[in-house]
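My notes are below, in the order in which I looked.

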Amino acid sequence: MKQSNSEDIYKRIANSYNEQLGEILRQENASVPQLPNDIHSRLDHHLQKKLRARKIIRFTKIAGAVAACFLLVLFLPLLFRIQDSSKSPADTAQEHASSEMPEASLIPLSFSLPSNLSVSNTKVDRGISVYYLTDTMDDNVVMQLEPIDTANTDFSALKTLDIEGKEVYAASTRNFKLLTFIHKDIVYTLTCRYEIDTLLELSKNIF
Amino acid sequence: MILILTFSSQSEKDKFEYLYHTYKNLMLYKAHQILRDYTLSEDAVSEAFIRIYKNIDKIDDPTSNSSAAFLVTIVKNTALTLLSREKKQAHTEFAEEQEFAFDLEHYVLGEISAAEITQVVDTLNEDLKSVFLLSYSYQLSHKEIARLLDISENNVTVRLHRAKKKLAELLIKGGYVHETIK
């Protein structure tokens with residue numbers, strides 16, 4: 001297929017620019033002052049540490065996934081047996097009836113979002129209202145709202161924070177931040193990738 | 001220093017080690033020009049090398065000018081990302097603004113020197129320039145660029161669109177391109 005004129009022009013521009021830039025950089029590389037050895041040593045160790053951390057995280061994720069699958073396969077049949085035996089005929093009938101009920105509607109927001117966030121999508125998933133929020137600073141947020149009577153409220157594994165007198169629970173890794181709390185009988189779960197501040201600012205609007 | 005890395009071949013390993021030992025000083029220097037802090041610069045350079053390691057197959061000849069430019073493009077991006085996080089600055093917004101006003105579809109490139117090309121491309125900010133160069137000089141897909149620069153694919157699409165629009169405007173207004181006979 002013949003390449004369009006515009007694509008050809010851009011390619012030639014980009015290649016020419018890169019060739020020039022590369023030439024200048026290679027000359028600069030020969031003349032730029034050599035930074036002190038301790039900085040280079042620190043960089044070497046820094047890189048080693050990052051690579052080791054990535055290997056550990058990767059290994060832990062894989063090991064965790066394998067262990068989870070193994071436990072699931074082992075205990076799932078047992079779990080079903082226990083559930084079945086504990087159900088009375090009335091329970092079973094009610095469950096069957098409720099499974100035919102229509103999906104719960106989206107829990108509306110009772111607060112205004114911070115100016116950097118806007119709703120890009122929503123859905124309801126098994127009674128949980130999910131809001132996908134786009135951030136002007138690219139730290140997009142997923143916000144889940146769940147009624148307290150159906151939600152898991154065991155936050156013991158999370159870190160407790162006090163936000164303007166309100167108890168909230170947080171977890172943080174390099175690429176994942178989580179904040180959860182109960183407000184007016186709704187369990188809010190906020191997640192984003194980069195900054196816990198993104199979630200803290202949002203939570204202040206919710207309170 | 002022996003790096004704890006696994007490569008799919010000895011040539012990839014040699015390529016990476018060559019790039020690391022040849023350019024790490026320059027990359028620290030470039031990162032420091034942006035960040036003004038050696039600790040942050042080390043962070044930026046190590047992050048850059050991790051991305052380069054993951055994309056080592058994109059580099060054909062590590063001794064080429066193109067490879068030098070590739071490395072510096074990556075480290076400038078990681079440094080600017082760190083800088084924006086430190087200063088909590090807004091990223092380039094990614095909403096569409098207006099119709100694409102300049103289109104090179106019916107143009108051909110005329111007389112333009114390498115220096116003039118450099119001048120035109122250097123009018124782009126680093127965000128737009130890096131996406132443009134990675135797309136057109138290194139032939140990376142939007143997905144590959146998104147992973148390399150740690151931005152969304154949507155962001156790549158919009159930045160590329162803006163870069164092309166700006167370059168087209170400059171090339172047309174500067175008389176560097178000529179309209180073909182329709």
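**Ground rules.** I note that this is a predicted model, in which local features need pLDDT of at least 70 and side-chain atom pairs count only at pLDDT 80 or more, while totals for chains, interfaces and linings use all residues. Residues are numbered from 1 along each chain as its sequence is written, chains are lettered from A and ligands numbered from 1 in the order in which they are written, and side-chain values use heavy atoms, with hydrogens and water left out.

**Chain A.** I looked up the secondary structure and found 4 helices and 7 strands, where helices (H or I, at least four residues) and strands (E, at least two) are DSSP runs numbered from the N terminus. Along the sequence the order reads α-α-α-β-β-β-β-β-β-β-α. Of its 207 residues, 30% count as buried, a term that stands for under 20% relative accessible area, with exposed being over 50% and partly exposed in between (1.4 Å probe, protein chains only). For helix α4 of chain A, residues 196-206, I listed the buried residues as A:Thr198, A:Leu199, A:Leu200, A:Leu202, A:Ser203 and A:Ile206. The cover over them includes the chain A strands β1 (117-125), β2 (128-135), β3 (141-147), β4 (159-163), β6 (176-183) and β7 (186-192).

**The interface.** I then asked how many residues of each chain are in contact. I found 64 residues of chain B in contact with 50 residues of chain A, contact being heavy atoms within 4.5 Å. Of the area buried between the two chains, about 5,500 Å², carbon and sulfur atoms give 59%; this area is the accessible area (1.4 Å probe) that two parts lose on being put together, summed over both. On the chain B side, B:Asn25, B:Glu42 and B:Asn65 supply 13% of what that chain buries against chain A, more than any other three residues.

I counted 5 salt bridges between the chains, each a side-chain nitrogen of Lys or Arg within 4 Å of a carboxyl oxygen of Asp or Glu. One that I looked up joins A:Asp44 to B:Lys24, with the closest N and O atoms 3.0 Å apart. The chain B side that touches chain A divides into 35 nonpolar, 16 polar and 13 charged residues; here Ala, Val, Leu, Ile, Met, Phe, Trp, Tyr, Cys and Pro count as nonpolar, Asp, Glu, Lys and Arg as charged, and the others, Gly among them, as polar.

**B:Lys129.** Not counting residues up to four places away in sequence, B:Lys129 touches A:Tyr17, B:Val121, B:Asp122 and B:Leu124.

**Helix α1 of chain B.** I noted a bend of about 55° at B:Tyr23, taken as the angle between axes fitted to the seven residues ending there and the seven starting there. B:Ala31, in this helix, is buried, with a relative accessible area of 0%. Its C-alpha atom is separated by 6.2 Å from that of B:Lys76, 45 residues apart along the chain. Leaving aside neighbours within four places in sequence, B:Ala31 is in contact with B:Arg36, B:Ser41, B:Ala44, B:Val45, B:Val75 and B:Ala79. B:Arg36 follows the helix, and its phi is positive, near 55°.
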